[in-house]
Amino acid sequence: MRGSGKRRVGGGVRRRRGGRKARRKTAGRGKTGRRVWARGSLRTAAALFLLALAGLMGGAAWRGWTHLCDACPSIAQIYAFEPKEATKLYAADGSLLAELAIERRTPIRMEDLPRHVYNAFIAVEDKRFWGHVGVDLWRTTKAFGDFVLQGYGAAGGSSITQQLAGNMFQGSVDRRDITVRRKLREMRVAIDLERAYTKREILEAYLNQINFDGVFGVQAAAERYFGKTASQLNLPEAALLAAIPRNPAGYNPIRRPERAIGRRNLVLELMAAQGLVSREDAEAAKAYPLELARGARIEREAPYFVEWVRQRLYDRYGTDIYEKGLRVYTTLDPDLQAVADSALLAQLEWVDRHPAFTEVTFEEVRAWSPDSLYQVSRGGAEMPYVQGMFIALDAATGDVRAMVGGRDFGDSEFNRATQAIRQPGSVFKPFVYTTAIASGIPASEIIYDQPYYLENVGGDPYAPSNFENDFKGPLTLRRALARSINVVAVKLGQRVGEESFAQMAERMGVSSRVPRVPSAAIGSTDLRPIEIATAYTTFANVGVRVSPRSILRVESKDGRVLWESRVQRERVLDPDIAWIAQSMLRDAVDRGTGRLAVRSRYAIPFTVPVAGKTGTTNDATNTWFVGFTPDLVTTTWIGFDRPRRIYRGATGGGTAAPVGAAVLAHYYETHPHPEAWERPEGLIERTVDETTGLLATRWCPIELSYVEIYLEGTEPTETCDAHGPWSVRSGRPGAARR
């Protein structure tokens, strides 16, 4: 019984234990099930969330895609060949200067083109043209990767259809504009074009609209370059035309024959590799010489001026300037423009040949490939070779008579006359001296040229130095300006106050804000050349500033005047103050840093009153000359786009002044010599000693005595005490050359 009881008890215990284990297992299975269910619920929720997010993103993307082209042009525009009358720009003498038009002329049908003509474009621009639906996904992906790695200058990824779509957007034809939005819009329009038109229709429209450096369409290009129709083009001629659109200016066969031939041969190689021509025909075409039509050279006159005018017209009239046949009468003097072009080019070539010049020359850069040049030039704003700029303004009206914005418009459309920001150096100093005259400091005031230090809060002391790294001792303001002495200008700037001379410059025509710092007195600020030219009209007009003017009037094609400009003149200086300042600038030309170029090298006679100022910035990175007469104000700049030394010893007088002097010399060969600026009544004349600025006595050396002009009340009353029977002080202050 006991045993059986134990067994029962044992069995019962075992059963109970077994029951507990079973319950634990059952309970475990319940928890596991709940965990599995929970994880499954989380996965489901996450999946639903991701699906919802994907749906939202897809919906947003679809909405963005469908609304991307709310403002896109109609795809019907690919055959918009209706004639549109160009706007004509006339020079001041009435001659035709330029025409502004979006050229969509002389269309040609695909049926009239030899197969090798359109095959050349397909080979180099879009080898999968016949197979894609408007966008070559493989090429687009590769181009995007190249852009990420290489930036601007990487190979393009647009198909022919995309390029055609891009041409339909006003302002979207610039290949530097590669924004994502623009590319997406082109893709959208390209896909729509492929749905609406056949491949042959798209290719025909493309060939009739593509840009060949100023002429549009293969028919116009064939006539321009080869004097024949597109249907008559042979294989090497067709390949040459196909080479141009990648970079119309860089591969223009008129201006860049070596580059054009090199790319033509690349096109022929691609055609052979793609089976579009035989290898034998391609090799024979490579050996074909470049034979352009007689008279094919079509150079645009005054291209920087024309582009400046075009931008102003576009701001006022929009796309009507390409379609409505407007007549625009400008201020340009074609003869003076030709002289300015020639003078600046000759001087830049002289710089390239200078023994001390060590940078890359213009001719060396011409041998570079367009793509490599494009990469280093930042779209033309930073060309690697030495550049120049020239402006000539009518002193009385502000009319722009000549404008050269750079060395080569085909390489760089960046206008250094109106867009570049440069340090003016010593050409800024006259604003400081004018402020001094206006504040009652006479031109005979003596300031010592000696070591000078200004404490700079939180930094090192400012210690200006002179160009020749020496000091001249006591100098009158007149002589210090003529010799362009930096120390005297900084001292004078501190005496009149930075705020005062900055406001003077801004009142006279400097539109940029002048920083209120000591170094601004010697031209450390950044200004545009057109501002400097404007400010100097105040000196040429004895106190009256005139604003630059490029357009006289705009007429409709039937002769109705739509807009007419007015001369903008404003008196900003008292005539007495302006005349004294202008007389100091005459000395800068006749006896100072501008004499060598103006009076000696180009021998402008003294019967022509010329005033002006040279300028050279630190380490010879910018050289300037502003020369003016009662008729003209000329401004010349020579330097590099990315500032660096031109050559050791380069100066405004030696590097820039010859350009302005050459233009003025030519102008007065055919124009009457003007009378010198009439001196206002009320100015006072005194003979003073140059070493003291005091009234000269009979003991003062003749060579140190000169006649100075004063505002009433600023003339000296004391006599010179440096010379006399008991004085040993004599001698003339040393001369500086610059």
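Where does A603 lie? A603 sits in the loop between α21 (595-601) and β12 (611-616). Further points on the structure follow.

1. Basis. This is a predicted model, in which local features need pLDDT of at least 70, side-chain atom pairs count only at pLDDT 80 or more, and totals for chains, interfaces and linings use all residues. Residues are numbered from 1 along each chain as its sequence is written, and side-chain values use heavy atoms, with hydrogens and water left out.

2. Positive phi. A603 is not a glycine, yet its phi is positive, at about 50°. The residue is partly exposed, with a relative accessible area of 49%. Here buried means under 20% relative accessible area, exposed over 50%, and partly exposed in between (1.4 Å probe, protein chains only). S484, also a residue other than glycine, has a positive phi near 60°. S484 is in the loop between α16 (477-483) and α17 (486-496). At 3% relative accessibility, S484 counts as buried. Helices (H or I, at least four residues) and strands (E, at least two) are DSSP runs, numbered from the N terminus.

3. Aromatic pairs. Rings of Phe, Tyr and Trp (its six-membered ring) pair if their centres lie within 6.5 Å; planes under 30 degrees apart count as stacked, over 60 as edge-to-face and the rest as tilted. The count by this rule is 18 aromatic pairs. One of them is F129 with W130, edge-to-face at 5.0 Å centre to centre and 70° between the planes. F129 is buried, at a relative accessible area of 0%. W130 is partly exposed, at 42%.

4. A pair across the sequence. F428 and F501 have ring centres 6.2 Å apart and planes at 75°, so this pair is edge-to-face. F428 lies in the loop between β5 (400-404) and α15 (429-438), and F501 in helix α18 (residues 498-508), so the pair ties together parts that are 73 residues apart in sequence. Ring pairs link F428 and F501 into a cluster with F431, Y536, F539, F628 and W677.

5. T435 and F431. T435 lies in helix α15. Its side chain reaches the backbone oxygen of F431 at 2.7 Å. The rule for a polar contact is a pair of N or O atoms within 3.5 Å; within protein, one must be able to donate a hydrogen and the other to accept it, and residues adjacent in sequence count only if both atoms are side-chain atoms. T435 is buried, with a relative accessible area of 6%.

6. Charges over rings. The test is NZ of Lys or CZ of Arg within 6 Å of the ring centre and within 35 degrees of the ring normal. K199 lies over the face of F129, 4.5 Å from the ring centre. R644 lies over the face of F640, at 3.9 Å.

7. Helix α22. This helix (residues 652-670) has 19 residues. A kink of about 40° is centred on P658; the bend at a residue is the angle between axes fitted to the seven residues ending there and the seven starting there. Of the 19 residues in α22, 15 are buried.

8. Cysteines. How many disulfides does the structure hold? The structure has zero, a disulfide being a pair of cysteine sulfur atoms within 2.5 Å. For C700, the closest cysteine sulfur is in C720, at 3.6 Å, too far for a bond. Both residues are buried: C700 has a relative accessible area of 7%, and C720 has 5%.

How values were computed:
The expected span of a helix is 1.5 Å times one less than its number of residues.
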